[in-house]
Amino acid sequence: MAEIETRQAKGRYRKVEVRTWGDEKFRRLSPMPPCGQGLWLFLITGPHTGPIPGLFRAGRAAMAEELDWDVEAFDKAFGEAFREGMVKADFKARVVWVPKAINHNRPESPNVVLSWAAEFDLIPECPLKWEALDYLRASVYGLGEAFTKAFDKAFGKASLKPYPKAMPNQEQEQEQEQEQEKDSSLRSDSSDADGVDLLGDGPGQGEKPDLKTRKADRIRQIAEDAQAEFNAILAKPHGLLSKCTVLNKPRLKAVENSLPTVRQLCLRLFGSERVTRQFWKLYFETAADDEFYSGRVKGGPGHENYEPDFELLMREKTIAKLADRALSEVTA
């Protein structure tokens, strides 16, 4: 969050009115040719945008028509932005999300956050909607206590209870439908949410180097999120455990090995297999409630000085045990 605030403090911005796209003189100008940059400007300033930064309801054909592009040209431009991670979409549900929009368009006050609830109800139900909510929650929480309270009042507090209407069967049905799309670059990223073939034993022999790099980068990002939440919740001086200061190869491997279980939990909790920092926050808060995994109670005879560490909490067995306990309490 500090990085975001620093970037915002140094950045220079200009306001663009949404009605510019419908202005008579503007529309008489020569049209913008289909291109990735032009689409990006349209996505963040166009008439489809609403009060929730980056999250809106729009279909491919409608946006292409607004730009006076044919759908094929729109798809090509959208694919450019999608591959850069700048935009996501579930075009069957007609939901589009620009993840970084909130970094440059923060709510001016807690009341603005409260106003999002009504707009959010109008967004069609799909896993992408709940993934966006999870990201927005983490971003708004970083703005201060007043914003946190407003978000919780509008959307409820984060919990281990699954989001509504985002269960695995819905996710699988959407993936099957998306696999029939001609342009694979526009498919949902749920099957590649955290790299490549993370449910398997590792990279295939024919895997391209850039694919390996993308997988490694994604695993490191997940590990850094886990490390940050572990240190903030369980490590000294806030907690009792020793800090995780270095993400070496064994620790990165421990995170990678945990992902099959973690992805299942994320799908149940958030409606998407994508592993976000919010999951680690919930997980380590659950560990903090446990006498042993929090460090409040030491091991048994012969292990009196043993204390849990980052690697132990990354074990699938540990994650499953704590998740079973937390989820059984929720459903009891």
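Colleague: Let's start with a loop. Where does aspartate 68 lie?

Modeller: Aspartate 68 sits in the loop between helix H4 (60-67) and helix H5 (71-83). Keep in mind that this is a predicted model.

Colleague: What makes aspartate 68 count as exposed?

Modeller: Its relative accessible area is 61%. Exposed means over 50%, so aspartate 68 is exposed. Aspartate 68 also has a positive phi of about 65°, although it is not a glycine.

Colleague: And arginine 94, which loop is that in?

Modeller: Arginine 94 is in the loop between S2 and S3. Here too phi is positive, about 60°, and arginine 94 is not a glycine.

Colleague: Why is arginine 94 called partly exposed?

Modeller: Arginine 94 has a relative accessible area of 46%.

Colleague: How much of the whole chain counts as buried?

Modeller: Of the 332 residues, 45% do. The chain exposes about 18400 Å², and carbon and sulfur atoms supply 51% of that area.

Colleague: Back to S2 and S3. What makes them a pair?

Modeller: Strand S3 (residues 95-97) and S2 are joined by three bridges, in the antiparallel sense. Pairing takes at least two bridges, so S2 and S3 pair. One of the links is between alanine 89 and valine 96, its bridge partner in S3.

Colleague: In what order do the strands of the sheet come?

Modeller: The order is S1-S3-S2, in an open sheet of three strands with antiparallel pairing. Strand S1 (55-57) and strand S2 (88-90) are the edge strands, as each pairs on one side only. From one strand to the next, the twist averages 15°. Besides three strands, the chain has 15 helices.

Colleague: Which residues of H12 and H13 meet?

Modeller: From H12 there are Ser258, Val262, Leu265, Cys266, Leu269 and Phe270, and from H13 there are Gln278, Phe279, Trp280 and Leu282.

Colleague: How do the residues of that contact divide into nonpolar, polar and charged?

Modeller: Eight are nonpolar, two are polar and none is charged. Val, Leu, Cys, Phe and Trp are among the types that count as nonpolar.

Colleague: What is the peptide bond from lysine 236 to proline 237 like, cis or trans?

Modeller: That bond is cis, with omega near 5°. Proline 237 lies in the loop between helix H11 (209-233) and helix H12 (249-270).

Colleague: One last thing. What share of the contacts in the chain with a separation of 6 or more comes from residues 24 or more positions apart?

Modeller: Such residues account for 66% of those contacts.

Key: Residues numbered from 1 in each chain as written. Predicted model: local features only at pLDDT ≥ 70, side-chain atom pairs only at ≥ 80, totals over all residues. Heavy atoms only, no water. Helix = DSSP H or I, 4+ residues; strand = E, 2+ residues; numbered from the N terminus. Axes fitted to C-alpha atoms, helices over the stretch in contact; angles between N-to-C directions. Buried < 20%, exposed > 50% of the residue type's maximum accessible area, 1.4 Å probe, protein only. Contact = heavy atoms within 4.5 Å. Areas by Shrake-Rupley, 256 points an atom, 1.4 Å probe, with all protein chains shown as cover.
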